[in-house]
Amino acid sequence: MACSVADSGFQFLASKKRPVHSTRIGQIASTGTYCLKWESLPQIRSKQKGCLIYSRKKNVIQAVAVPIAPSPLDSAEERKRLSEQYGFRKIGVPLPDNVTMRDITESLPKKVFEIDDGKALKSVLISVTSYTLGLFMIAKAPWYLLPLAWAWTGTAVTGFFVIGHDCAHKSFSKNKLLEDIVGTLAFLPLIYPYEPWRFKHDRHHAKTNMLHEDTAWQPVWKEEFDSVPALRKAIILGYGPIRPWMSVAHWWLCHFDLSKFRPNEIDRVKISLGCVFAFMAIGWPLIIWKTGIIGWIKFWLMPWLGYHFWMSTFTMVHHTAPHIPFKTSDEWNAAQAQLNGTVHCDYPSWIEVLCHDINVHIPHHISPRIPSYNLRAAHQSLQENWGKYLNEASWNWRLMKTILTVCHVYDKERNYVAFDEVVPEEAQPITFLKKVMPDCA
């Protein structure tokens with residue numbers, strides 16, 4: 001049974017504000033039949049200013065009731081339960097389909113987009129000072145304190161990455177040539193080619209959590225997983241115990257192959273690669289000459305691995321959780337992915353200072369033009385205007401355990417299926433993590 005509505009053509013005056021439309025459905029008795037009302041029909045804007053015209057004749061709209069299970073995130077009690085289970089402080093309400101990126105961006109105060117060269121210089125001084133202090137600590141620390149010195153220095157050099165990150169988004173300085181120079185230099189201690197990373201990262205922002213398209217993280221595809229049994233152990237390790245260092249593989253596979261870039265990008269990519277190879281050819285021999293191979297490991301390799309721990313961890317926590325879906329391009333919604341599918345996470349204050357608030361990540365995905373030193377003000381605005389939709393956490397064991405032991409194989413209905421459910425006989429690294437990692441949040 002269905003109900004029909006016919007129209008012979010009529011007009012409505014529109015207000016100057018862009019209207020927000022939602023489908024209204026009226027239920028007829030208890031038969032399970034629904035009528036679609038005219039607010040749900042597509043609108044055609046006439047050339048006459050201020051008019052919206054419906055111009056269909058004798059069109060019949062039919063709809064048959066189809067039972068749809070409500071999302072568990074629609075329930076406040078279920079969101080609270082999942083927050084505790086996953087290690088989140090808060091899981092946001094699903095964002096309505098009619099909210100756009102423009103709606104969110106226009107709610108931000110204009111001052112958060114302002115570039116301040118003085119604040120940019122301050123961030124450089126913080127990174128240079130903290131990195132220099134880290135190298136001094138490595139030189140003076142006894143062997144049993146070296147892990148602490150490496151942790152500090154790896155975190156400090158992550159600050160260089162964040163400075164280059166701002167330069168790549170053109171949110172560091174008013175002088176655009178200076179941005180490219182500073183960005184290239186900031187990436188050199190990391191052996192990261194600036195322009196290749198910039199091109200890949202721009203695609204991550206344009207396609208955040210889009211299947212096949214996002215260049216940061218992708219879930220494992222079951223078809224591929226089933227087709228390569230010889231590599232299963234490596235994949236399970238890579239998405240499990242060693243996932244906090246998997247950005248090393250991403251660094252190597254995605255930024256040095258010229259075939260991965262568009263023709264108009266090649267020249268700039270070659271310049272960045274030339275700078276990186278020159279740094280390696282000059283810097284590494286100098287380190288080895290002065291301190292030996294052990295010195296190269298102590299002063300460069302270990303802090304570099306510390307940086308990759310943060311590179312992987314920040315990226316995982318920002319965009320990976322059992323309730324955050326990856327969507328195909330035809331289902332993907334930018335506002336939902338950037339506001340509702342990106343995570344804010346608080347870390348110990350010394351990490352946030354050395355890493356220039358890169359953990360305040362939701363406003364950065366609303367607009368990459370916001371400088372890192374304005375992210376906190378932008379996040380406060382988002383909390384005031386869109387707070388119920390935000391995902392927020394404090395970095396904790398349970399959060400990391402959830403990501404490392406649950407978020408593995410893509411599933412359209414469940415978002416993720418864990419390896420120990422797909423191949424329990426081969427998933428010993430995952431079951432090991434479940435046993436040894438604490439559940440404290």
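Q: How many of the 441 residues in the protein chain are buried, as a percentage?
A: Buried residues come to 47% of the chain. Buried means under 20% relative accessible area, exposed over 50%, partly exposed in between (1.4 Å probe, protein chains only). The model is predicted: local features need pLDDT of at least 70, side-chain atom pairs count only at pLDDT 80 or more, and totals for chains, interfaces and linings use all residues. Residues are numbered from 1 along each chain as its sequence is written; side-chain values use heavy atoms, without hydrogens and water.

Q: Which secondary structure elements does the chain have?
A: The protein chain has 17 helices and nine strands. These are DSSP runs, numbered from the N terminus (helices: H or I, at least four residues; strands: E, at least two).

Q: How is the packing of two helices described?
A: By the angle between their axes and the distance between the axes. Here, the axes of H1 (residues 76-86) and H15 (residues 397-406) come within 7 Å and cross at roughly 90 degrees. The axes are lines fitted to C-alpha atoms over the stretch in contact, with angles from 0 to 180 degrees between N-to-C directions. So H1 is roughly perpendicular to H15 (65 to 115 degrees).

Q: Which residues make the contact between H1 and H15?
A: From H1, Glu 84, Gln 85 and Tyr 86; from H15, Arg 398, Leu 399 and Thr 402. Contact means heavy atoms within 4.5 Å.

Q: Where is Leu 145, and is it buried or partly exposed?
A: Leu 145 sits in the loop between helix H3 (117-140) and helix H4 (146-168). Leu 145 counts as partly exposed because its relative accessibility is 36%.

Terms used: Angles under 35 degrees count as roughly parallel, over 145 as roughly antiparallel, 65 to 115 as roughly perpendicular and the rest as oblique.
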